There are 2 protein chains.
Amino acid sequence: MKVLVTGGAGYIGSHTCVELIQAGFEPVVVDNLCNSSEEALRRVEAITGVAVPFHQVDIRDADALGDVFRHYDIAAVIHFAGLKAVGESVAQPLRYYQNNVAGTLTLCEVMESFGVRQLIFSSSATVYGDPASVPIREDFATGATNPYGASKLMVEDMLRDLCQAPDSQWKVSLLRYFNPIGAHKSGTIGEDPAGIPNNLLPYVAQVAVGRLPQLQVFGDDYATADGTGVRDYIHVVDLARGHLAALNKLKQEDTDAGCYTYNLGTGRGSSVLEIVRAFAEASGKEIPYKIVPRRPGDIAECYADPTYAEQELGWKTELDLKRMVEDTWRWQSQNPNGYKS
Amino acid sequence: MKVLVTGGAGYIGSHTCVELIQAGFEPVVVDNLCNSSEEALRRVEAITGVAVPFHQVDIRDADALGDVFRHYDIAAVIHFAGLKAVGESVAQPLRYYQNNVAGTLTLCEVMESFGVRQLIFSSSATVYGDPASVPIREDFATGATNPYGASKLMVEDMLRDLCQAPDSQWKVSLLRYFNPIGAHKSGTIGEDPAGIPNNLLPYVAQVAVGRLPQLQVFGDDYATADGTGVRDYIHVVDLARGHLAALNKLKQEDTDAGCYTYNLGTGRGSSVLEIVRAFAEASGKEIPYKIVPRRPGDIAECYADPTYAEQELGWKTELDLKRMVEDTWRWQSQNPNGYKS
């Protein structure tokens, strides 16, 4: 069964390709490589022994996407392609909406024209905005606090409408990711952000490896145990397996057409300082850090109630925080400059 | 001053072209003619004595739009182009989101690339969903109840983000229309929907002229004076002049970059049965009607508080309901089959 993976050369995409192959699926990757490297796919081949067909295609290019659908007998799509930096989205909203929203619309139109109507979409816990309480269930209120988050919410709304149209045959899973970290245990694929990392883990890892001098901790006066922000970190391999579980569920004959929403998280929150300590231990490196003021828009606490995914998909996370930081460190220390090493 | 008018061959677009010309502006029209007629622009010329440059361009076609910007020295854009039938939007959500949302993104990207950053956008009172009270102020909560409404809200959100980006030079007016009816006093341009009309007035007019046998009134058990739904009907010429007022405001030197939201309505609600009676009187025709169940999603009452537009734009409506139905009837009786007559 061939599965189109958009953004498949990226961080979560490449780890998902590994899991797909190991479960007997045949991923086909399209990626515009604007924030990823074809090298990741060569390493997926080294891990799995399977070469992944790759096409450098931008999902906004309907003709090029159509060529891919004509060439392969695609049964379902896992749609990772998108821009993901909050700060950049505030500065360049048109670019974010074009890539994330218009790009997804073009993908769906091409899918529809080829009769492919099974889609797994990369959403984000950011759609919960500042949640009323934790842990967060899928039926909590949603709201965006920046154009990146708004783009995810808009796509969710559009896909829900697509499934609710009369006689719709679409089956869509909206996967709301919490905070993916970690890397494949081989240390050969991992997160390789362009420029200065926006997320905590690659930043900490680059401090540990000497690429960056010091971590900035944004606020230590939140209403949390140690005052720093609490997030639900999930191992990228667990997350990749969540996609596999969602795909297996969608393709079951007895899964009705419709739109399904799942949190993918561990259900456990960790503070910034916990992460720093765990990473220092795993790497044997000191992580110098400085407390600086809160960032606007950051919230105190965010972690999932992962019950629904466990019930419906038979999936839950297996890899703990120690494993997450160890795997991150293995990737970072083996590849101090990412795929450009 | 040249103003690009997207959807300028449509109902509100053509009336706005007349007002623009009479105020000394030079409209340039792009329209894909999917629900409009070039004949409307020939009639705009007959009314004003000025031929409007016209290009059959779909706003999703960035190259063709770029050619128009290259050819004319466009100073501002009034953006009417979009699909507008609620029921159709439920059945064809992708098509609606592509035209209304992705189309607007493409328009904005082309504008940005030509340094044109003054935009007036056709929004709708539908963004208020089922309002907590009437009259409705611009600061009321918003919410969509169908893909058409969602597409308007998404574009509003995107344009607001575009204006809030650091150092943004965009000036945007979001005009939330209540229920436009009426026609130019000449009776030569008016509303000419394809197929069975979705809105009350063209439906009533087509019953009066004998094209349709009978009006269906959706519900007479609302909590309103006569039990039928109450809306804020606004003469299309008043609405067109609202665009002129918004344009004059945007182009003032002392109007800061930013996003401005205005209700365009009369502030007065009329029930379905009031409209039917007024139309029967104006046309001298009997309007047979039948009470049928409510339509899902319809609300009881919706009318504007138009204070903000009057304060900020110096604009208010001048043409009353009698004039609206008389002008509708003049258009419909002179053009029983619309522009195909």
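Start by selecting B:Arg176 and look across to B:Asn263 in strand 11 of chain B, which it stands opposite. You're in a predicted model, where local features need pLDDT of at least 70 and side-chain atom pairs count only at pLDDT 80 or more, while totals for chains, interfaces and linings use all residues. Residues are numbered from 1 along each chain as its sequence is written, chains are lettered from A in the order written, and side-chain values use heavy atoms, with hydrogens and water left out.

Now color strand 6 (residues 171-177) and strand 11 of chain B: they pair in the parallel sense over seven bridges. Strands here are DSSP runs of E, at least two residues long, and helices are runs of H or I, at least four, numbered from the N terminus; two strands pair if DSSP finds at least two bridges between them. Strand 11 (residues 258-264) is largely enclosed by the rest of the structure, because five of its seven residues are buried (under 20% relative accessible area, 1.4 Å probe, protein chains only).

Next, show both chains. 20 residues of chain B are in contact with 20 residues of chain A (heavy atoms within 4.5 Å). Pick out helix 5 (93-113) of chain B: of the elements on the side that touches chain A, helix 5 gives the most, with ten residues. That side of chain B divides into 15 nonpolar, two polar and three charged residues (Ala, Val, Leu, Ile, Met, Phe, Trp, Tyr, Cys and Pro count as nonpolar, Asp, Glu, Lys and Arg as charged, the others, Gly among them, as polar).

Last stop: helix 3 (residues 62-71) of chain A, where the buried residues include A:Leu65 and A:Phe69.

Conventions:
Buried < 20%, exposed > 50% of the residue type's maximum accessible area, 1.4 Å probe, protein only.
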